[in-house]
2 protein chains.
Amino acid sequence: MNYTHSRDLREAIRRGEFSGPTCGLVPGYAQSNLVILPRELAFDFFLFCQRNPKPCPILEVLEPGRYEPALTTPGADIRTDVPLYRIYKNGKLSSEEKNITNYWRDDLVSFLLGCSFTFEAALVRAGIAVRHIGEGKNVPMYITNIPTVPAGSFFGPNVVTMRPIPRNKVVKAVQITSRFPAVHGAPVHIGDPEEIGIRDLSKPDYGDAVEVKPGEVPVFWMCGVTPQAVALRSKPSLMITHSPGYMFVTDMLDEDLAVS
Amino acid sequence: MNYTHSRDLREAIRRGEFSGPTCGLVPGYAQSNLVILPRELAFDFFLFCQRNPKPCPILEVLEPGRYEPALTTPGADIRTDVPLYRIYKNGKLSSEEKNITNYWRDDLVSFLLGCSFTFEAALVRAGIAVRHIGEGKNVPMYITNIPTVPAGSFFGPNVVTMRPIPRNKVVKAVQITSRFPAVHGAPVHIGDPEEIGIRDLSKPDYGDAVEVKPGEVPVFWMCGVTPQAVALRSKPSLMITHSPGYMFVTDMLDEDLAVS
């Protein structure tokens, strides 16, 4: 089914009618990563995002206990409008859930972080096909050897997404994504997975592997799943997130997040 | 005395040898506003800055108890390196101090926010004289009728700076300052003080009045003194700031804060 407004998709998710990855859906609307933490960890994580704006570009932060992102997506409910959630406890993935209503507490603080799905529509408009969309898969994501800047109790490696780009379109892909600093912006690396600590492109840490064809270069962008890799290392008592690739779709337009 | 490196100025301030406003000093180095709050208010204020990036563009936030801005200005001490501080208690200006060593507590969180002095050097380079520098004064600042976006316990009006610009250079001034989003960026208003709630340009709320000559237009930029106007309204138990115009001079270069 095609959804024309982000609200239609969110409502289908809330009713349990859609439960897949969201890449390629409702083009034009900005998708976002979700990180939810207890209030006592929220300042440290805010600081972590401020120091790591490429993987963690903040779109909206909600006051403790709030679950409606009133500034970017009024009427939405971040407890029910994401297709799949992950519950991390003390640095371990504890479970995946279809909604988190039963987990909700008045001291939980929600962070919406920009997602690279936002610039994919712009790539496609410029004639650069996005492989995982073409293959009907989730985007491949990899834990790198690039450390984040630590903040308070949070530290750990950066996660990246990878898209194979024809060699003669790499410059164009850099230019296009540079216009979207609020959704990870320009690539962090072009060409050599090993240099950023990725041994095998066919085995992503999150999402699905995609084909890299002859004449194509693997291009890597910072990824909003970074907080989940960081959770495994810094072991917050509780962190609730989206499941990688199963995003919260906001009412913001991709173009609202572009610089001129 | 001329200071060639920001460190020289900070050391002179620390030794008590310099105690004036910092506008026009050590051109090329980014100056910053300072806001210090107890930890229990720091998340709300962080959120306030995130929602009000034009008046409150964050350059660095320090962990609770830290007083060395190790990321932007290693070796500096924000308790001693500002020429004049203000202590606000429960929404009232309680005192001005030359240093805040005696006020320091392990739960205090320091925020460095961008300052429009940063783009003044770029204006001057483009042949646009900055009146308050020419007159040897502090920049005029005004409380407006433009509300900030509230966050947690923080709410109140925006504060702006004003620079008179010759009518035929207003476009150029917009273009130049647009390159500096991390230090308030483009003007928020051009031309009509009353429209933003300023009744009398000759009576600024902070800083000094400057002459607006025939053929010049008053141009207004968001100002990092906004948190101080907000403190008067939202009455945090304690907020320590710089005194308006008496800034913390960082080791960041103005050009580090420019977009291409």
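In which helix of chain B does Val230(B) lie? In this predicted model, the residue is part of α6, the helix that spans residues 226-234 of chain B. Val230(B) counts as buried because 30 C-beta neighbours fall inside 10 Å, where 20 or more are needed for that label. Apart from neighbours within four places in sequence, the contacts of Val230(B) are Thr148(B), Phe154(B), Phe155(B) and Gly156(B). Pro150(B) is 80 residues away from Val230(B) along the chain, and yet the C-alpha atoms of the two are separated by 9.8 Å.

The domain layout can be followed in chain A. Domain 1 of chain A is made of two segments, 6-116 and 232-257, while domain 2 covers 122-222. Their C-alpha centres are 21 Å apart, and the contact between them draws on 25 residues from domain 1 of chain A and 27 residues from domain 2 of chain A. On the domain 1 side, α2 (39-51) and α6 (226-234) of chain A each provide at least two of the touching residues. Helix α2(A) gives the most to this side, with six residues. By class, the domain 1 side that touches domain 2 of chain A holds 14 nonpolar, six polar and five charged residues.

Attention now turns to strands in chain A. Here an open sheet is built from four strands, arranged β6-β7-β9-β8 with antiparallel pairing. Strands β6 (141-147) and β8 (189-190) of chain A each have a single partner strand, so they stand at the edges with one side lacking a neighbour in the sheet. Strand β7 (residues 157-166) of chain A runs antiparallel to strand β9 (residues 216-222) of chain A, and seven bridges join the two. For a landmark in this sheet, Thr161(A) can be found opposite Trp221(A), a residue of β9(A).

What, then, joins the chains? Nine residues of chain B are in contact with nine residues of chain A. On the chain B side, two elements give two or more residues each, namely α2 (39-51) and β2 (58-61) of chain B. Helix α2(B) has the largest share, contributing five residues. The side of chain B that touches chain A comprises six nonpolar, two polar and one charged residues.

Technical notes: Residues numbered from 1 in each chain as written. Chains lettered and ligands numbered in written order. Predicted model: local features only at pLDDT ≥ 70, side-chain atom pairs only at ≥ 80, totals over all residues. Domains from an automatic or database assignment. Contact = placed C-beta atoms within 7 Å. Nonpolar A, V, L, I, M, F, W, Y, C, P; charged D, E, K, R; others polar. Buried ≥ 20, exposed ≤ 12 C-beta atoms within 10 Å, placed from the backbone. Pairing = 2+ DSSP bridges.
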